[in-house]
Amino acid sequence: MAIGVKVMRRPTTGVSYVRATLKGMALTFKHLRQSKVTMEYPEEKSKDDWAISRRWRGTHRMLTDAEGRSKCVACGLCPQVCPANCIKLVPGEDEHGHRYPLIYEIDEFRCVFCGYCQEVCPEEAIHVGVHFENAEYERARFVYDLERLQSQTHPVSTLWDPSDPKGE
Ligand code: SF4
Ligand code: SF4
């Protein structure tokens, strides 16, 4: 495609800026009458218009079974697939040969929220969540242990669905 060059010439006669000024002011007044598109976060939130997508990948949650135990069977897939290497898993086994996590930790500070851990989990135990308000005063508080992961109550992410690419 040929690239065209538009040459702008300086005006040679006197130019009045009144018209441009009035146009600018009209535009300003037009916007003054319109409804606000901002809000006073964090006092204002949870408006329907501002609800975050159900595909949002935020703070993790570990789901539990009917007895309140972690659904994780310590298969080791999520630490294996994690690109940020931020999942620490120490597997254990009970007297019946059932595997469970002795230690399961996620460093939310190193996590890149790719959602691979949720996608790969065969037990649908670990999930990224629809939640982002996880600010802390100390670095160490970003390492979520199993108990803390299990105590999260926010909704879990639906991730990207190829049959519904726009999430509608
Ligand atoms: S979301 Fe991605 S980076 Fe974060 S813990 Fe899971 S696999 Fe690792
Ligand atoms: S992939 Fe699921 S079952 Fe396997 S270690 Fe991770 S959370 Fe546990």
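Mentor: A residue is called buried under 20% relative accessible area, exposed over 50%, and partly exposed in between. The model is a predicted one. At 42% relative accessibility, Tyr41 therefore counts as partly exposed.

Tyr41 belongs to one aromatic cluster together with Trp56 and Phe132. A search of the whole structure finds three aromatic pairs, among them Tyr41 with Phe132. In this pair the ring centres are 6.4 Å apart and the planes stand at 35 degrees, an arrangement classed as tilted. Tyr41 is located in the loop between helix H1 (18–33) and strand S1 (58–62), whereas Phe132 is in the loop between strand S4 (126–129) and strand S5 (143–144). The pair therefore ties together parts that lie 91 residues apart in sequence.

Phe132 has a relative accessible area of 40% and is likewise partly exposed. Its ring also pairs with that of Trp56: the centres are 6.1 Å apart and the planes meet at 65 degrees, so this pair is edge-to-face. The cut-off behind that class is an angle over 60 degrees. Trp56 lies in the loop between H1 and S1 and Phe132 in the loop between S4 and S5, so this contact joins parts 76 residues apart in sequence. With a relative accessibility of 37%, Trp56 too is partly exposed.

One further ring contact, of another kind, may be noted: the charged end of Arg148 sits over the ring of Tyr144, at 3.8 Å from the ring centre.

How values were computed. Residues are numbered from 1 along each chain as its sequence is written. Chains are lettered from A and ligands numbered from 1 in the order in which they are written. This is a predicted model: local features need pLDDT of at least 70, side-chain atom pairs count only at pLDDT 80 or more; totals for chains, interfaces and linings use all residues. Side-chain values use heavy atoms; hydrogens and water are left out. Rings of Phe, Tyr and Trp (its six-membered ring) pair if their centres lie within 6.5 Å; planes under 30 degrees apart count as stacked, over 60 as edge-to-face and the rest as tilted. Helices (H or I, at least four residues) and strands (E, at least two) are DSSP runs, numbered from the N terminus. Buried means under 20% relative accessible area, exposed over 50%, partly exposed in between (1.4 Å probe, protein chains only). A charge sits over a ring if NZ of Lys or CZ of Arg is within 6 Å of the ring centre and within 35 degrees of the ring normal.
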